Amino acid sequence: MQITASRPRLTAVLGPTNTGKTYLAVERMLGHRSGMIGFPLRLLARENYDRIVGLRGARAVALVTGEEKIIPPNPSYFVCTVESMPLDRRVAFLAVDEIQMAADPERGHVFTDRLLHARGEEETMFLGADTARNLIRLLVPGIEFIARPRFSSLTYIGHKKVTRLPPRSAVVAFSASEVYRIAELIRRQRGGTAVVLGALSPRARNAQVGMYQAGEVEYLVATDAIGMGLNMDVRHVAFSNLRKFDGRQPRALLPAEVAQIAGRAGRHMSDGTFGTTADQEPMSPELVEALELHNFEPLKSLAWRNSDLDFGSIAGLLASLERPPPSRGLTRAREGDDHRALAALAEDKTIRDRARRRDEIALLWEVCQIPDFRKTLTDSHTRLLHDVFLRLLSPAGRLPADWVARQVKQLERVDVAVDALMARIAGTRTWTYLSHRAGWLDDAGYWQERTRAIEDKLSDALHDRLTQRFVDRRTAVLVRRLRDGGDLLGAVTRSGDVVVEGEFVGELRGFRFNPDKVERGADTRPLMNAAQRVLRTEIGYRVARLAGDDAAAFSLDEEGRILWEGGAVARIVPGPTVLSPRVEPIATDLLDREHKDRIRARVAEWLSSLIERELPDLAALRALVDANGGDYATALSGPGRGLIYHLQEWLGLVPRREVDSLVVKIGKAERRTLARAGVRIGSTSVFVASATRPNSASLRRLLWAVHNEHPIEDLPHTTRRRRSAEARPDLPESYYAALGISVAGGRAVPVDRLERLVHALRKLSREGAFEPPAGLRALVGCSPEQFTALLKALGYVESATGEGRFEWRGRRPERAAGKRRQKPSTGGRRRDLSTSPFAKLRELDLGR
């Protein structure tokens, strides 16, 4: 127990967060020859230890926590967790931070004990919230109070969606799963967030907070672990929930607890804001007023547990732990983990038989105080305590090195998930704690270093996993630079990769920027905004290069897109005729009107030359109807011009029945003119020579689809190389005609093959009924049934003269103008007409 000097100064410095209480206490301690200060968290102890070492040097300062002891020879100052304060050491100054935690039902009894008994020889200072004032006055008569006003103000700004939170926001959740869910959302929408959980080791926590403080990410998602003393550049605190699980049951946060966390916003002279987010409803007006005015109900009692324990027996020890408080203002603390562990071990006969003497029972109580860092709420921790106690009672009086090595080795692997890493860190902390118990391990220094190294290794892996899972560094960098408004350093490689601030953000294909793949639901706006800012100069340069490029740089894909240097720059759209489509530059925010006009002009010129090169016969037909077409133009009549119009609209092949009325009016001379231009007048179709060539089929298919506004992907890749195929009834005949294919009897047959078939059939039919030879069916690649249907469509019927024989019953195409009708075949025999009735009629003089 700390010995109290005559009339030492005893003060309670009370006030809300951000009042400089801790700074004042450290400053006062360093003004004394020696001192000790207790913090509620190991993280805070380490943070302030590092600060004081920076001021006074490592030799002057000791760090004492349950899991870490750094004690140089003869240190002047001790920085500790409240539970680990070495109160048997005499110091001039003593302070306890967050003294209002004395009301906590589980840990509060330790703070209450320090309030009642821990004193510095010259000065004692308790730091905390003003809600503890009345109980401190009651329990510590004569104490001096110092009020500390908050340096800055807190303002409520209501509810905001997670994705609408301002930069430098901390989102507070009360479970690891909720922290992860919100962190995932912020990663997708804002590039990433730091994550702080109570289960993080100091090293992992410092790495995460350091990432936030350095501005690598603009958001922090944390449990209420940030509510105590972690000084960060937080401007807004958003609560995703106002309820927490307190170890026993879910409950609403007290207004003072909300204020403790909200007070992280706005540090020193910078004002802060707070509010709600996610699924949490807005705060009530009463709660908002309490937080903004720092006006909370006083604490009604402090937790107390008897520290004068009876080690005469296990039963006596349990009874002494349950002793009622000695005065008003105190309430018996909730049964702690150590108390429950003792009760559980007391049920074990082996433990009862071994723990009989006072020193053995004292050792058992010391073992029960090994913290359950895993918080598993299972028997595994009790079994560990059982094994530790029995091994410490062995003749060696130490934990066997081989047993400890086996336990520690199980914790070394880092190739596990985030939750497993945190569980292993918790397990490592247990062995770190054990290694700092005096006399429990041989070569304790070795085990302290070993467990510390494992914890550091696990912590680094955990930081990496958290960063990989919750930070998209590229998006975070871009969001930050876009917000700052500075120039972005960017470039486009020869392959089209776009790099901004050293980060690959996507590809520039033609004039369309394709952002790098992001996960589903992620916000692509930062990538797009950054790309637009760095691509302005590049786009102008590319447009100029395209406008002067030669034809070899362009190509046309099957979807009607015109490619330049491998990227789509325009697409074909319907024009005035099927052979005169228009082009439109692709839709992109990177092109202005002038850019689009230059692209449109150059691409239209290229497309026109492509059509003339791929479809030369159709291009030549234009000259026949052009006023400047020379002899061709003047040689054509109206029917001839009409036939050419149909050929152009049908892309070089039109069924004979569609134009028969024109064909019969075209004379011999005009036919020769058309023939020189490549027009073939067949029995079933009129077509140009290029219609029979398969190399231009893809272009004609595309031109037909664009002009008829038919989805290109719905059109079959019918090829002229096939002898025939089944025609789709849902597609018009003009589609097949565009590919140089005629449709008859439900079969799609290349026009040249069908014309050969018709010609052969005519020769056979001159003799009357005939049986088609097998070679004709092979010509069009049909089954017997399909071939019969095809013959019927061509005007033939099955003959009654025998199975498998056919005869003509159709209508021949009408005669062309000036062409004599052919005489019917006589089978090679010359008929004698001198004795026919018609010869006799000629001899009559009917004129008389």
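Colleague: Which residue stands opposite Cys-80 in β5?

Modeller: This is a predicted model, in which local features need pLDDT of at least 70 and side-chain atom pairs count only at pLDDT 80 or more, while totals for chains, interfaces and linings use all residues. Residues are numbered from 1 along each chain as its sequence is written, and side-chain values use heavy atoms, with hydrogens and water left out. Strand β2 (residues 35-39) and β5 pair in the parallel sense over five bridges, where strands are DSSP runs of E with at least two residues, helices are runs of H or I with at least four, both numbered from the N terminus, and two strands pair if DSSP finds at least two bridges between them. Opposite Cys-80 in β5 stands Gly-38.

Colleague: And what is the bridge partner of Ala-62 in β5?

Modeller: Strand β3 (residues 61-64) runs parallel to β5, and four bridges join these strands. In β5, the bridge partner of Ala-62 is Phe-78.

Colleague: Are the residues on both faces of β5 buried or exposed?

Modeller: In a regular strand the side chains alternate between the two faces of the sheet. In β5, Tyr-77, Val-79 and Thr-81 lie on one side, with Phe-78 and Cys-80 on the other. Taking buried as under 20% relative accessible area, exposed as over 50% and partly exposed as in between (1.4 Å probe, protein chains only), the residues on both sides are all buried.

Colleague: How many residues apart are Glu-83 and Arg-107?

Modeller: Glu-83 forms a salt bridge with Arg-107, their closest N and O atoms being 2.9 Å apart, where a salt bridge means a side-chain nitrogen of Lys or Arg within 4 Å of a carboxyl oxygen of Asp or Glu. Glu-83 belongs to the loop between β5 (77-81) and β6 (93-96), and Arg-107 to the loop between β6 and α3 (108-117), so that this pair links distant parts of the chain, 24 residues apart.

Colleague: Are Arg-168 and Glu-218 buried or exposed?

Modeller: The side chains of Arg-168 and Glu-218 meet in a salt bridge of 3.3 Å, N to O. This pair also links distant parts of the chain, 50 residues apart, with Arg-168 in the loop between β9 (154-160) and β10 (169-172) and Glu-218 in the loop between α6 (202-213) and β12 (219-222). Both residues are buried.

Colleague: Which helix holds Asp-460?

Modeller: Asp-460 forms a salt bridge with Arg-203, the closest N and O atoms being 2.7 Å apart. The partners are 257 residues apart in the chain, with Arg-203 in helix α6 and Asp-460 in helix α16.

Colleague: Why does Glu-121 count as buried?

Modeller: Glu-121 is found in the loop between α3 and β7 (123-128). Its side chain joins that of Arg-33 in a polar contact of 3.0 Å, a polar contact being a pair of N or O atoms within 3.5 Å in which, within protein, one must be able to donate a hydrogen and the other to accept it, while residues adjacent in sequence count only if both atoms are side-chain atoms. Another polar contact, of 3.1 Å, joins the side chains of Glu-121 and Arg-90. Glu-121 counts as buried because its relative accessibility is 14%.
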